[in-house]
Amino acid sequence: MASTSPAAPQSLNPEQLAAVEHVEGPLLVLAGAGSGKTRVLTSRVTRLIQEHGVPPDRILAVTFTNKAAGEMRERIRAQLGRDPVGAWIGTFHSLGARLLRRHAEIMGWDPAFTIFDAEESLREIKRALEREQLDPKRWKPKAVRAAISDAKNQLITPGEFAEEHREGFDFFLRNVARIYPAYQASLRDQNAFDFDDLLVKPVELLTEHEQVLARYRERFAFVLVDEYQDTNHAQFRFVELLARGHGNLMVVGDDDQSIYGWRGADISNILEFERSFPGAQVVRLEQNYRSSANILSAANEVIRRNLNRKEKTLRTDREDGERLSLVQCADERDEAGWIVEEIETRIREGTAHRYRDFAILYRTNAQSRALEDAFRRKGVPYQIVGGVRFYERREIQDVLAYLRLISNPRDSAALERVINVPRRGVGRTSQERLVAWALDQGIPLLEAAVRAEEVPDLHAGGVRGIQRFAELIQRFSARAASLSVGPLLEELVEELDFLTHLLDEGPDGEDRVENVKELVAGAMDFDAQRVEVWEDGPPDHFTELDLFLQHVALITDVDRHDPDSDAVTLMTLHNAKGLEFPVVFIAGLEEGLFPLGRAYDEPAQLEEERRLFYVGITRAEAKLFLSWARERRRAGDFMFGSLSSFVQDVPEGLLEERRSPRLERERRAYRRSDAGSDFGAGLGERRARGGAGASDTAGAATRTPDDEFNQDLPHLVRGERVRHDTFGSGTVHEVTGFGRDVKVVVDFDTVGRKKLLARYARLEKDF
């Protein structure tokens with residue numbers, strides 16, 4: 001039956017068609033933003049099945065978010081007219097979990113393992129630090145976890161890490177070398193994996209068990225990978241192991257959108273694909289179907305400044321559209337208020353029709369505070385993607401801890417969390433004695449709880465509470481074998497009288513109750529068949545609850561974005577990748593905030609920051625606003641702002657410069673004072689003066705009106721050589737502030753880095 005969907009061959013442009021018609025051998029598809037890469041991926045899968053007779057169960061398609069995986073499956077189903085039964089379509093983490101469920105026993109694990117989320121793994125790191133008698137206040141658990149995560153992504157085992165660092169000069173890494181093996185041993189004792197293990201352990205499985213590798217190489221004759229620029233070394237190795245034999249590997253990605261180097265993504269995977277897979281065909285998708293011509297021109301000019309990239313230029317058949325608006329604001333409150341007013345104005349005037357057409361993107365989560373305040377004051381609906389995640393809320397974590405323990409009785413972390421929630425007379429001392437006795441006996445905590453009467457020095461009330469808790473867990477574990485997860489969770493919440501417990505907590509109780517009700521509703525709607533299809537049936541004692549917990553553990557921020565909610569979307573630029581909106585605001589475009597100041601210490605980091613800006617620009621379909629503030633409160637202090645150097649890369653003809661209403665009022669008042677100068681020079685004026693912009697100079701954009709024509713004001717440019725009477729020669733590292741408060745950081749040749757007040761430093765240019 002011929003496909004009549006929009007992804008039919010006649011609807012593909014020549015480059016898309018070339019990628020879709022490719023059959024055997026490695027293929028790299030360089031897919032620019034908005035170039036229809038999902039259409040290409042799904043059309044190729046459909047073509048393999050319909051025209052080349054490839055059974056769906058011989059296809060593996062991998063991506064990074066559940067949302068993308070669901071969209072891919074739905075499009076394939078629509079094009080085929082039936083479900084692609086047998087095809088594995090999912091995220092790296094979900095497919096890794098699927099492999100581990102199937103083969104856990106040959107690796108010495110129980111298939112009903114727990115997946116620790118980020119918060120749970122952090123708590124386990126803290127416990128490991130305490131067991132090793134290391135102070136968590138000195139050796140930050142988040143830093144330790146990041147080091148362990150990086151090692152795992154590089155496929156470095158605990159033993160290898162310890163061998164390399166336990167005698168090293170870096171005290172932090174020496175301590176990580178102690179914690180990493182202890183942490184991993186604790187996960188093993190609890191039959192648990194963390195997120196990184198879901199990438200590492202499948203590689204271990206395929207590497208150490210040749211028969212398993214041979215089975216899946218034969219099974220998956222065609223491997224397709226989306227968002228390949230975001231893969232780390234472990235993911236590269238996983239794909240390579242499966243595809244190396246037949247070479248039928250198609251990867252789709254955009255090196256210009258590689259923005260996750262900070263969490264292990266390796267851009268060299270896509271840049272060096274042809275070297276890793278010789279003979280690979282390369283197809284470039286440069287036709288953009290999302291954005292206006294002006295937006296694309298700005299994006300192209302910004303990203304071409306990066307050196308470490310594959311050349312490509314986005315193009316479109318759409319009209320030029322509105323120019324980009326560069327808006328100068330007084331501070332973060334002024335910026336937030338202006339954004340809300342602009343949204344309301346565009347809806348009122350009919351240039352936009354719904355709140356969901358708007359997105360506000362920012363570099364750091366902290367920037368959302370002022371924005372939220374402004375939206376609440378005006379009563380404008382909004383949703384935040386990120387921030388406090390639903391599944392990280394305390395009451396949700398408590399309920400999920402019960403479910404984890406019901407699923408996996410060895411999950412000691414879950415037991416410790418809820419053994420006295422709601423209160424059942426088990427105090428901290430009783431818990432500590434129970435844990436100590438379980439360790440001494442070498443038995444799981446739940447078993448120790450069942451035998452609580454044997455624990456020395458445990459008072460009768462504590463024994464009763466612990467044993468009632470253990471009996472409840474055992475009873476619900478038996479129920480889970482035959483009951484769907486929705487009714488099971490509903491029964492559990494009712495038996496615990498958990499909603500009453502939450503209401504008794506005070507003013508926030510009602511919100512917490514609603515969150516638990518939402519969790520129950522989600523469990524009622526859960527469809528296990530969409531998560532896992534077992535060809536040979538599930539392992540013994542495997543339940544729908546196990547799959548529900550896996551599903552919950554792997555949900556990401558972006559998966560919780562509701563495009564149908566009529567609300568403005570607020571999110572970080574990292575969370576925005578893969579999304580698109582008619583109108584986009586990129587807020588906080590100040591030097592040191594975006595790009596972050598530390599990026600200047602490393603060229604690769606600065607290029608990644610520029611790629612992040614490129615991602616933000618290309619989220620916009622019709623209109624893009626860029627805003628910055630002359631002053632912003634950061635980390636409790638007011639910081640004087642200067643326009644981001646990234647904005648200098650946008651051609652002047654593509655920009656219209658504006659000031660917030662507050663700054664316009666101040667400007668008019670200043671002009672009436674007959675001071676003879678404009679208030680705050682614009683981007684075009686700064687360029688005309690030959691400066692690099694406010695990011696690189698203590699120039700016009702960062703002066704107060706009184707200083708506009710002060711000839712004694714220092715003009716200092718980052719990177720220039722200067723001389724100080726006392727400290728000698730050095731190089732300007734950073735210039736901040738404006739007017740009489742300009743500050744300069746100089747790296748002096750002999751005395752190191754110094755921060756100086758420019759008007760007193762008497763710096764001279766050192767030629």
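Biologist: What makes helix H9 largely enclosed by the rest of the structure?

Modeller: In this predicted model, 9 of the 12 residues of H9 are buried, so the helix counts as largely enclosed. The buried ones are Asp197, Leu198, Leu199, Val200, Lys201, Pro202, Val203, Leu205 and Leu206.

Biologist: On to charges. Why is the contact between Arg363 and Glu609 called a salt bridge?

Modeller: The N to O distance between their side chains is 2.7 Å. The cut-off is a Lys or Arg nitrogen within 4 Å of an Asp or Glu carboxyl oxygen, so the name applies. The two partners are 246 residues apart, with Arg363 in the loop between strand S10 and helix H16 and Glu609 in helix H27.

Biologist: Are Arg363 and Glu609 buried or exposed?

Modeller: Buried means under 20% relative accessible area. Arg363 has 13%, so it is buried, and Glu609 has 6%, so it is buried too.

Biologist: What about the pair of Glu301 and Arg304: how far apart are N and O?

Modeller: They are 2.7 Å apart, in a salt bridge. Glu301 has a relative accessible area of 23% and Arg304 has 47%.

Biologist: Which residue does Glu395 bridge to?

Modeller: Arg512, with the closest N and O atoms 2.5 Å apart. Glu395 is at 1% relative accessible area, so it is buried. Over the whole structure the search finds 61 salt bridges, and one network links Asp254, Asp255, Asp256, Arg309, Glu311 and Lys312.

Biologist: Which residues form the negative surface patch?

Modeller: Glu490, Glu494, Asp497 and Asp504. A patch residue needs over 30% relative accessible area and no salt bridge. Glu490, in helix H22, has 42%, and Asp497 has 43%, so on area both Glu490 and Asp497 pass the cut-off.

Biologist: What makes the phi of Asp497 worth a mention?

Modeller: Phi is about 50 degrees, which is positive, and Asp497 is not a glycine. Most residues other than glycine have a negative phi. Asp497 sits in the loop between H22 and helix H23. Asp457 also has a positive phi, near 60 degrees, and lies in the loop between helices H20 and H21. At 63% relative accessibility Asp457 is over the 50% limit, so it counts as exposed.

Biologist: Where are the cis peptide bonds?

Modeller: One joins Val421 and Pro422, with omega about -10 degrees, and Pro422 is in the loop between helices H18 and H19. Another runs from Phe594 to Pro595, with omega near 5 degrees; Pro595 lies in the loop between strand S13 and H27.

Key:
Residues numbered from 1 in each chain as written. Predicted model: local features only at pLDDT ≥ 70, side-chain atom pairs only at ≥ 80, totals over all residues. Heavy atoms only, no water. Buried < 20%, exposed > 50% of the residue type's maximum accessible area, 1.4 Å probe, protein only. Helix = DSSP H or I, 4+ residues; strand = E, 2+ residues; numbered from the N terminus. Patch = residues over 30% accessible without salt bridge, like charges linked within 9 Å, V, L, I, M, F, W, Y side chains within 5 Å. Areas by Shrake-Rupley, 256 points an atom, 1.4 Å probe, with all protein chains shown as cover. Lys, Arg positive; Asp, Glu negative; His and termini not counted. Charge placed at Lys NZ, Arg CZ, Asp CG, Glu CD.
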